[in-house]
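Trainee: I am new to this structure. Can we go through some of the labels and ask what each one rests on?

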Amino acid sequence: MSSGANMHITIRLQFAKNVVSFSDIATAIGQAGGDIVGIDVISSSKTHTVRDITVSVLDSKHADVVVDTLRKTAGVKVIHVSDRTFLMHIGGKIEVKSKIPIKTRDDLARVYTPGVARVCTAIAEDPTKAYSLTIKRNTVAVISDGTAVLGLGDIGPYAAMPVMEGKAMLFKQLAGVDAFPICLDTKDTDEIVQIVKAIAPAFGGINLEDIAAPRCFEIEERLKQELDIPVFHDDQHGTAVVLLAGLLNALKIVDKKIEEIKVVLTGIGAAGIACTKMLLAAGVKNIIGVDRQGAIHRGVQYDNPYWNEYAQLTNPENISGSLSDVIVGADVFIGVSAPGILTVEDVKKMAKDPIVFAMANPVPEIDPELAEPYVRVMATGRSDYPNQINNVLCFPGIFRGALDCRAIEINEEMKLAAAQAIASVVTDEELSETYIIPSVFNNKVAERVREAVMKAAYKTGVARKDDMMFR
Ligand SMILES: NC(=O)c1ccc[n+]([C@@H]2O[C@H](COP(=O)([O-])OP(=O)(O)OC[C@H]3O[C@@H](n4cnc5c(N)ncnc54)[C@H](O)[C@@H]3O)[C@@H](O)[C@H]2O)c1
Ligand SMILES: O=C(O)C[C@H](O)C(=O)O
Ligand SMILES: [Mg+2]
């Protein structure tokens with residue numbers, strides 16, 4: 001399965017009318033396996049025509065095959081090839097906009113010197129006024145060091161930017177939160193903690209993103225202790241929240257109790273450890289974690305201290321072995337690891353009515369089309385298949401709620417409330433194998449998550465909004 005399903009390329013080509021017809025070109029594209037999804041005439045003369053032909057292809061290799069076929073067709077000249085996805089990224093995807101225009105000298109004197117000085121002084125005298133007089137109240141920093149970007153791994157801070165810009169777009173569109181992508185050119189835990197602390201004054205919350213385990217745990221813990229604004233590692237907690245929402249609904253379909261299921265989870269990293277903790281808190285008793293060297297079990301000393309702790313909390317029968325060994329009889333498979341590691345043979349060994357959540361991005365642990373015939377409920381992290389279990393269902397609404405009540409943190413109760421809120425958007429009448437989790441575009445999601453999260457924040461005493469100081 002490719003990472004670029006729905007990949008569209010636009011090929012600008014010129015063809016000599018007396019040598020080749022458009023239907024010859026369409027046939028050539030079809031024979032190379034491409035699907036024409038759009039045609040635009042750019043110019044036409046007596047002898048030549050220039051057209052932009054948009055073609056759906058499987059991946060970039062397939063795109064090369066289609067383009068090569070056209071290059072070899074007599075009378076055809078390929079002028080250039082563009083990829084719609086790349087075109088959407090030219091110059092980046094977000095910008096900063098002013099709320100008020102500066103039209104007159106008077107405006108200038110208010111938004112900037114000298115007027116602004118009075119506002120600065122007011123904040124200097126009472127720093128809590130930053131909430132009412134600066135962007136802090138509505139602004140989140142999306143911070144990555146580029147070490148665990150999607151399932152692409154350590155691709156560095158420059159390459160991480162498009163994902164962080166995308167997260168910022170989603171924050172804004174789904175919950176009205178202004179988010180800044182900030183990619184740091186350091187992998188040093190102390191340095192990351194120091195930098196984030198130092199930039200915190202401008203922000204009402206910190207969303208850590210795509211920072212590899214195990215460093216992400218210490219970074220988050222230390223920042224939580226040192227800052228009075230919510231710090232939330234999206235790949236851990238956002239994923240765990242949405243996973244639980246999806247599982248609660250999937251279990252209704254197969255009519256199994258959460259306490260009785262056997263769960264096998266692959267990828268004991270940031271997402272995997274947080275998902276496991278959330279499932280244990282929700283009542284799962286039998287969960288086995290599998291990483292590269294097989295099932296995590298007691299009796300081994302792992303280099304990774306988090307795995308030693310993990311072994312204590314999970315795998316009640318202390319089973320060892322590979323994924324194929326431990327998957328036998330499992331009710332649920334959860335993948336937050338790497339592409340293609342679950343085989344159809346593995347799925348066939350699961351208990352009746354298997355639930356498979358293959359959540360690695362962009363390529364899941366098993367191709368949904370291969371798994372489909374053998375599973376009862378199938379979900380991925382992607383938007384091009386039904387049941388998208390992706391942290392995008394959580395982070396906009398959870399931060400909206402936290403910002404609106406000026407929460408000092410996002411705690412366990414707030415996360416659980418968010419999971420239940422997401423699950424509740426799908427009504428019992430609507431619930432089906434292909435609809436266990438609401439769509440990212442369902443505008444009820446962020447609002448419901450916001451309300452639930454605020455309620456939990458007030459209940460647990462972490463909301464400061466009623467405190468006059470933070471108005
Ligand atoms: N759908 C979602 O919302 C969502 C959210 C977060 C992460 N993810 C995906 O989950 C994956 C992991 O993300 P993370 O942030 O936890 O990264 P991470 O680097 O912290 O953890 C990944 C873990 O997977 C393990 N792993 C790699 N290859 C494996 C294999 N062949 N078999 C078993 N384990 C293997 C690694 O050793 C590591 O422990 C990525 O693909 C990411 O895109 C999806
Ligand atoms: O970015 C996503 O689509 C989800 C998640 O944060 C991931 O790292 O895969
Ligand atoms: Mg991520």
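Mentor: We can, bearing in mind that this is a predicted model. An unreviewed UniProt entry places the feature "binding site" at Asn361 and Asn390.

Trainee: What makes these two cluster, given that they are spread over 30 residues of sequence?

Mentor: Their largest C-alpha distance is 9.3 Å, and they cluster in space. Asn390 is also listed among the contacts of Asn361, along with Leu150, Gly151, Gly381 and Arg382, leaving aside neighbours within four places in sequence.

Trainee: Why is Asn390 called buried?

Mentor: Buried means under 20%. Asn390 has a relative accessible area of 13%, so it is buried. Its place is in the loop between β14 (377-380) and α16 (395-404).

Trainee: How is the packing of α7 and α16 described?

Mentor: Two packed helices are described by the angle between their axes and the distance between the axes. For α7 (residues 156-175) and α16, the angle is about 65° and the axes are 9 Å apart. The crossing is right-handed.

Trainee: Which residues make that contact?

Mentor: From α7, Lys167, Leu170, Phe171, Leu174 and Ala175; from α16, Phe395, Pro396, Gly397, Phe399 and Arg400. They divide into 7 nonpolar, 1 polar and 2 charged.

Methods:
Residues are numbered from 1 along each chain as its sequence is written. Chains are lettered from A and ligands numbered from 1 in the order in which they are written. This is a predicted model: local features need pLDDT of at least 70, side-chain atom pairs count only at pLDDT 80 or more; totals for chains, interfaces and linings use all residues. Side-chain values use heavy atoms; hydrogens and water are left out. UniProt positions are given in the numbering used here, feature names are shortened, and annotations may be inferred rather than shown by experiment. Contact means heavy atoms within 4.5 Å. Helices (H or I, at least four residues) and strands (E, at least two) are DSSP runs, numbered from the N terminus. Buried means under 20% relative accessible area, exposed over 50%, partly exposed in between (1.4 Å probe, protein chains only). Axes are lines fitted to C-alpha atoms, for helices over the stretch in contact, and angles run from 0 to 180 degrees between N-to-C directions. A crossing is left-handed if the near helix is turned anticlockwise from the far one by less than a right angle, and right-handed if clockwise. Ala, Val, Leu, Ile, Met, Phe, Trp, Tyr, Cys and Pro count as nonpolar, Asp, Glu, Lys and Arg as charged, and the others, Gly among them, as polar.
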